[in-house]
Amino acid sequence: MKYGPFTVGGAVNMLSTPIPQAAEGMVQLEAGQFGENRLHSYYGASTENTGWLLETHQQRADGFRDIDRADSADIAKEDYLLKGRINSAADATYRQQLDIKLQYSEEESGMSYLGLTDADFDRDPNRRYGISAEDEMQNRHSTVQLNHSIQLSDSFTLNTQAYYNKFKRDWFKASEGDLIAAANGGDTFAQAVLDGEADYDFGIKHNNRQYEARGLQVSGDWQLATGGVSHELTVGLRSHWDEVDRYQPTENYQQIDGQLSFVDKSLPNASNNRVGEANATSFFIYDDIQLSEQLTLTATLRYEDVELSEQRYDDPERTIKGAKAENQVDEWLPGLGLVYDVSETWSLLAGVHRGFAPPGAGSQDGFGPELSTNYEWGARFNGGNLFGEVIAFFSDYENAVQNCSVAVPCDNGADSGTFQLGEAEIKGLEASFGTEWALTNGWNMPLRASYTYTDAETTEDSDDGDKLAGDNFAYLPENVFALSASLDSGAAWRVNLTAAYQDEMCVNTECNRGGTDRFDYTESLWVWDAAAHYDFSQDLSAYLKVDNLFDEQVIVNRGPDGARANRPRTATLGMKFVF
């Protein structure tokens, strides 16, 4: 509950490479199938009062899909990161630290929305139709982040964070899902168009978007005791603003004798010419309370106030304003968690918190946020070489919300805005297990396993009748399982084998109503991955990994337009040098 505004699920804390305590660097190189090569390198150093780090990641690949009458779908990425730190002396009256992070990345990749018909997938899952040969994603991202902390006393620290993010992308892509659906239904003309044997007029849209976000957060960490009960209290306040600007023209093409030729450009209509904005104020209190040596209570309270607006324009020059949507939502979001240490090896846990997700910028006044009450309870065991946990969860949604997009249209057919799904329940079980067996001659065998079961459905008919009680959730697997086994020599050699399973998924929300066919489902999949590592020295190591060892490819997705496969068997050789 420290992190928001989306509090329905958990938060993933993505940690970048820290500034090293002493001069240190690393170079990692990879080369693999399908023309793939990677470089990851960093170098940094510290003194008593300063520190810095410079890091880059580079990737090039041809891709594993072959485009009819064209080259493969290649990819090129580059990422740069610079970190700096200034801190006061350790014996300063008020210890302070200022961190700055600057990041820039860009990408060009031949990504497409267009998948395959089932018949073509069966013949070659890695084929791509020539009508998508011009599809390409271009994006650029930059970040500036400043963090300042000052320790005002032994028990209180004040933290201030300012940030600015800018992301610009243009996904130039053909959206021809109707051709896929028609060909799956036996339409010979649609299949001829996909094969390049029939002439066809179509558009390729610039799905151009520019995002900007900036904000300021101030928080305080306070350690205190009241009546023999210790507290680790964090209180924070954030002001945030973001904007998305869509200006999306369409380029018109003709396919003639299997070749694509440019015709002209259509300027965007109001749906593809709009600016959305959000202003949010957040407040949170997070308190870890040590009630006894065995019992810890975590109490949280978060407040979100979000103002949303979207302005559409009726002309390309944006001199004529069209429809405008405005909305405002605010919510108090409490939460409680308990951990009880039964013994040194066993602990019990339970928690309940309020889930919240704001609607999209295009939502009209009165359109509410996604709200849920989320429960979890379970047990953990850690006995040294044997550990595990079992956690049950239940989420009661009084209003589930879907943000509509071209990639994932809402049930009402909208490809923008927000759609209310109504009341729903999600329940399930997560379990994980690990152990390590000692073998002869210093070898050992770590084992890991995890399993998740999920059952989700709508619990009440929507007012418009689009959603019925008992309707399932789209693209949600019932069972997910993973197992990993390793052999470790205790010296230079390590070998790892991982198997992962995922159930088939319904691609819409109506599979529970019956009357479905194979086009309503993905396929279940087992994937095996293997890797071997060898340490030449403490500083130099090499590895060989093979993803999808048995080259098993199935339909793992049917969106946006047609069947798509997981990655085929791919071998990669790498080396890592630390200095």
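What follows is a chat about a predicted model of one protein chain.

Reader: Where do I start? How many helices and strands are in the protein chain?
Author: This is a predicted model, and its protein chain has three helices and 28 strands.

Reader: How much of the chain counts as buried?
Author: Of its 579 residues, 40% are in that class. The accessible surface is about 29800 Å², and carbon and sulfur atoms hold 53% of that area.

Reader: What about contacts: what share join residues at least 24 apart?
Author: The share is 63%, counted among contacts between residues at least 6 apart in sequence.

Reader: Charges next. How many positive and negative side chains are there?
Author: There are 44 positive and 93 negative side chains. The centres of the two sets lie 5 Å apart.

Reader: Now the inside. Which residues of the largest nonpolar core touch the most other members?
Author: Those are Phe-121, Tyr-129, Ile-131, Leu-179, Leu-194, Phe-202 and Ile-204, out of 21 residues in that core.

Reader: Which elements each supply at least two residues of this core?
Author: They are β9 (156–174), α2 (177–184), α3 (188–194) and β10 (200–226). Helix α3 gives the most, with four residues.

Reader: Pick Tyr-129 from that list. What does Tyr-129 touch?
Author: Not counting residues up to four places away in sequence, Tyr-129 touches Ile-67, Asp-68, Leu-114, Gly-115, Leu-116, Thr-117, Asp-120, Ile-180 and Leu-194. Leu-194 is also among the core residues that touch the most other members.

Reader: And Ser-132, is it buried or exposed?
Author: Ser-132 is buried, because its relative accessible area is 0% and the cut-off for buried is under 20%. Ser-132 sits in the loop between β7 (127–128) and β8. Beyond four places in sequence, Ser-132 touches Ser-112 and Leu-114. Leu-114 is one of the residues that Tyr-129 touches as well.

Reader: You mentioned β8. Where does Gln-145 lie?
Author: Gln-145 is in strand β8, which covers residues 136–151. With a relative accessible area of 18%, Gln-145 counts as buried.

Reader: What is Gln-145 in contact with?
Author: Leaving aside neighbours within four places in sequence, Gln-145 is in contact with Asp-99, Ile-100, Lys-101, Gln-161, Ala-162 and Tyr-163.

Reader: Lys-101, then. How far apart are the C-alpha atoms of Lys-101 and Asn-272?
Author: They are separated by 34 Å, and the two residues are 171 apart along the chain.

Reader: Where is Asn-272 found, then?
Author: Asn-272 is in the loop between β13 (259–266) and β14 (273–290). Asn-272 counts as buried, at 14% relative accessibility. Outside four places in sequence, its contacts are Lys-205, Arg-246, Tyr-247 and Gln-248.

Reader: Further along, what about Ser-309? Which strand is Ser-309 found in?
Author: Ser-309 is in strand β15, residues 295–313. Not counting residues up to four places away, Ser-309 touches Val-275, Gly-276, Glu-277, Ala-325, Glu-326 and Ala-361.

Reader: Last one, Asn-548: buried or exposed?
Author: Asn-548 is buried, with a relative accessible area of 3%. Asn-548 has a positive phi of about 55° without being a glycine, and its place is the loop between β25 (540–547) and β26.

Key
Residues are numbered from 1 along each chain as its sequence is written. This is a predicted model: local features need pLDDT of at least 70, side-chain atom pairs count only at pLDDT 80 or more; totals for chains, interfaces and linings use all residues. Side-chain values use heavy atoms; hydrogens and water are left out. Buried means under 20% relative accessible area, exposed over 50%, partly exposed in between (1.4 Å probe, protein chains only). Contact means heavy atoms within 4.5 Å. Accessible areas come from the Shrake-Rupley method with a 1.4 Å probe; for residues, only the protein chains shown count as cover. Lys and Arg count as positive and Asp and Glu as negative; His and the chain ends are not counted. The place of a charge is taken as NZ of Lys, CZ of Arg, CG of Asp or CD of Glu. A nonpolar core is a set of buried Ala, Val, Leu, Ile, Met, Phe, Trp, Tyr and Cys residues joined through side-chain atoms within 4.5 Å.
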